[in-house]
Amino acid sequence: MDDKFDVIIIGGGIAGCTSALLLARAGVNVLQLERAEQAGGKNISGGRLYSYSLETILPGFALSAPIERQITQEKLSLLTGETSVTMDYRHPEFAQDATSYSVLRARFDPWLMEQAQNAGAQCLTGVQVDALIQENGTICGVQIGEDRLDARVVVLAEGANSLLAEQHQLVKKPQPHTMGVGVKEILALSRSRLEERFSLENDRGAAWLFAGEAIAGKAGGGFLYTNRDTLSIGLVCNLSVLSHGKNALPQMLENFKQHPLLRPLLKETELLEYGAHLIPEGGINALNPPFGAGYLIAGDAAGFCVNAGHTVRGMDLAVISAQAVADTLTTALQKDDFSAASLAAYQTHLENSTLWAVLKQYRSLPDTLLQNPRYFAEYPQMTSDILRELFEINRHPSPPLRSILWKHARKAGLMTLFKDLLRGARSL
């Protein structure tokens, strides 16, 4: 193996693998390093991949990639201790460049790394990068134990817990309110029983998101994705409120699984995997500059992730950031200029992409929905109370719907309710 490369990429997730693939296609001498024993070994993403961004790079990828199920069922549930209110939207398959799939990263990421290797990238797993090499203010390689590998530019795609970037002060240590922590389990369930319980057929799948009692009324929520013969289930909670709870996140997950809505669906499942992971939640206002002399930062490491409540997006944004990495570096390599001024083109490519439009659209989300406990505790309970009064029939005449709504609106506070509705709508 050479000890001098055009580009060294740190990280074997979707941003890293896609960057390696695109650069190798362009004839760049690229080395990708992943600390886990295989790509995806440390990724526990909830498991939904929106196809549009990868479809432009690998047309028809779903025909050969180890995807699980094509999502045709969307569910959103508000939970209280014993009740649930669910919106259920079932639809035919969307077009290939507008659909989404459930995936297991431990299967999908090795496949994506293989595509990079087939294009000519050198990809190594089980390699821990100990430090970046910096000379005259420019990143110019990596240190692995006593070995030094030089590069004209380094791409950091090491995930949300970007220790190397923090260690070398390329980014600031994130504030707790800009990060979430997720816990996830993979539960085995036979294909036939899974499809029966979730009303699925023909490899179609469901994506189900939860708020309210899912996470004890805190800023965050739950998720459940159906795979071929497993379920991906978990919780995400903002770090700023996690320390104030009575229960740790793993116990919250156990409580979540015992909710009356989920307990029958999870009967006789077998635990296959468990993991925890940091998730960027600060949005566009919490981003650090993702470039500098001799380096670029991509994917979750750069904070490119959005949790909008009805959808969680990270993998599609990672692919877009990888495209911006490749576009920036092919030009920089042609000019042989890896200064901060040259690599600032990365920011321009990002701002001209769908990624930036998505981040701008949800720019106020972290300071509205995620920091307002009423969205996660009081309003799910209020919704449940309204529906109970509407559907509970006894010997007393039921009040008209307008009276039920007015009573609960006054109880919540008309002005508070109006402001929260307005802020919530604007943030989405």
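Reply: Helices here are DSSP runs of type H or I with at least four residues, numbered from the N terminus. By that convention, Leu365 belongs to helix α12, residues 365–368. The model is a predicted one.

The helix pair comes next. Two packed helices are described by the angle between their axes and the distance between the axes. For helix α1 (residues 14–25) and helix α3 (residues 105–119), the axes come within 8 Å and cross at roughly 15°. Since angles under 35 degrees count as roughly parallel, α1 and α3 are therefore roughly parallel to each other. Their crossing is left-handed. On the α1 side, the contact is made by Ile14, Cys17, Thr18, Ala20, Leu21, Ala24 and Arg25. From α3, the contributing residues are Arg105, Phe108, Asp109, Leu112, Met113, Gln115, Ala116 and Ala119. By class, the residues of this contact of α1 with α3 comprise 10 nonpolar, two polar and three charged.

Two individual residues follow. Leu365 of α12 has a relative accessibility of 3% and so counts as buried, the cut-off being under 20%. The C-alpha atom of Leu365 is separated by 8.7 Å from that of Gly282, although the two residues are 83 residues apart along the chain.

Thr328 is located in helix α8, residues 315–335. With 3% relative accessibility, Thr328 also counts as buried. Apart from neighbours within four places in sequence, Thr328 is in contact with Leu296, Leu343, Ala345, Tyr346 and His349.

Key: Residues are numbered from 1 along each chain as its sequence is written. This is a predicted model: local features need pLDDT of at least 70, side-chain atom pairs count only at pLDDT 80 or more; totals for chains, interfaces and linings use all residues. Side-chain values use heavy atoms; hydrogens and water are left out. Axes are lines fitted to C-alpha atoms, for helices over the stretch in contact, and angles run from 0 to 180 degrees between N-to-C directions. Helices (H or I, at least four residues) and strands (E, at least two) are DSSP runs, numbered from the N terminus. Angles under 35 degrees count as roughly parallel, over 145 as roughly antiparallel, 65 to 115 as roughly perpendicular and the rest as oblique. A crossing is left-handed if the near helix is turned anticlockwise from the far one by less than a right angle, and right-handed if clockwise. Contact means heavy atoms within 4.5 Å. Ala, Val, Leu, Ile, Met, Phe, Trp, Tyr, Cys and Pro count as nonpolar, Asp, Glu, Lys and Arg as charged, and the others, Gly among them, as polar. Buried means under 20% relative accessible area, exposed over 50%, partly exposed in between (1.4 Å probe, protein chains only).
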